[in-house]
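Biologist: I'd like to learn how to read disulfides in a model. Can you walk me through them?

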Amino acid sequence: MEARHEKKNKCGTICLKYLLFLFNICFWLGGGAVLAVGVWTLVDKSDYISLLNSSFYSASAYILIAAGAIVIVTGIIGCCATLREMRSLLIVYLVLLLCIFLLEIIAGVLAYINYQELDNELRQNLKLTMQQKYQQPGQESITQSVDKLQQEFKCCGSQNFSDWTDNKWIQESENLRLVPDSCCKTPSKLCGRRDHPSNIYKVEGGCIEKLENFVQSQLYILGAVGIGIAFLQLVGMMFTYCLCRNLKEDLY
């Protein structure tokens with residue numbers, strides 16, 4: 001009877017071991033996805049980050065990269081602990097999972113609280129950035145970012161095309177431009193002289209709303225990835241706890 005009980009217990013331990021190993025692979029891949037999203041945000045969307053006049057978005061990208069790296073390292077620890085059936089290392093792994101889970105909750109709450117502040121900052125600063133820094137000496141990166149923003153999002157100005165009337169460069173321009181050439185549907189030199197809807201993005205609206213939608217969509221992606229990893233962590237913590245109970249103390 002006792003032998004049958006030990007055999008059943010051993011079978012349960014083996015099942016838990018392979019389930020936890022499978023979880024660790026998924027967790028490791030999830031960490032890689034978080035790391036990739038963070039790097040993609042910094043590399044591909046760095047132009048838009050420079051227009052936000054806030055460190056919140058870039059800080060979020062760096063946090064994602066750090067979180068992804070921590071998750072990958074934690075996943076490796078979990079794999080080693082599972083394969084070697086080391087109870088002490090499994091406990092360390094369980095504590096790490098719990099810490100990461102709590103940090104995710106704190107980060108999520110802070111992101112939700114700061115989003116409205118970020119949105120207000122964006123509305124206040126984008127128009128000023130376009131009017132005061134576009135085509136100004138030493139502001140080449142801002143100029144390139146604004147041009148890229150208007151072309152990719154098919155918009156002109158912050159609220160609308162008339163925002164450019166207060167731009168220093170437009171007012172001082174000898175080429176009689178009404179808007180930058182990047183407002184044109186088919187950009188070419190001096191095309192900004194005509195502000196007809198057939199020539200520029202006049203009726204499509206300003207860039208502020210489209211940039212807000214972009215930032216919001218990025219936050220949704222980050223939130224979805226975070227929720228997915230948090231769910232994996234809960235499952236992993238459950239498997240780890242069960243495996244710890246089934247394993248005997250390590251022998252030294």
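Biologist: Let's start with handedness: is the disulfide of Cys 156 and Cys 183 right-handed or left-handed?

Modeller: Keep in mind that this is a predicted model. In general, a disulfide is a covalent bond between the sulfur atoms of two cysteines. Here the torsion about the S-S bond of Cys 156 and Cys 183 is about 85°, so this disulfide is right-handed. Cys 156 sits in the loop between H5 and H6, and Cys 183 in the loop between H6 and H7, 27 residues apart. Both Cys 156 and Cys 183 are buried.

Biologist: How many disulfides does a search of the whole structure find?

Modeller: Three. Another one joins Cys 155 to Cys 207, with an S to S distance of 2.0 Å. That pair ties together parts 52 residues apart in sequence, because Cys 155 lies in the loop between helix H5 and helix H6 while Cys 207 is in helix H7. There is also a link from Cys 184 to Cys 191, at 2.2 Å, and it is right-handed, with 115° about the S-S bond.

Biologist: What is the pairing if I number the bonded cysteines in sequence order?

Modeller: You get 1-6, 2-3, 4-5.

Biologist: Is Cys 80 buried, partly exposed or exposed?

Modeller: Partly exposed, at 35% relative accessible area. Cys 191, by contrast, counts as buried at 10%, since the cut-off for buried is under 20%.

Technical notes:
Residues are numbered from 1 along each chain as its sequence is written. This is a predicted model: local features need pLDDT of at least 70, side-chain atom pairs count only at pLDDT 80 or more; totals for chains, interfaces and linings use all residues. Side-chain values use heavy atoms; hydrogens and water are left out. A disulfide is a pair of cysteine sulfur atoms within 2.5 Å. Helices (H or I, at least four residues) and strands (E, at least two) are DSSP runs, numbered from the N terminus. Buried means under 20% relative accessible area, exposed over 50%, partly exposed in between (1.4 Å probe, protein chains only).
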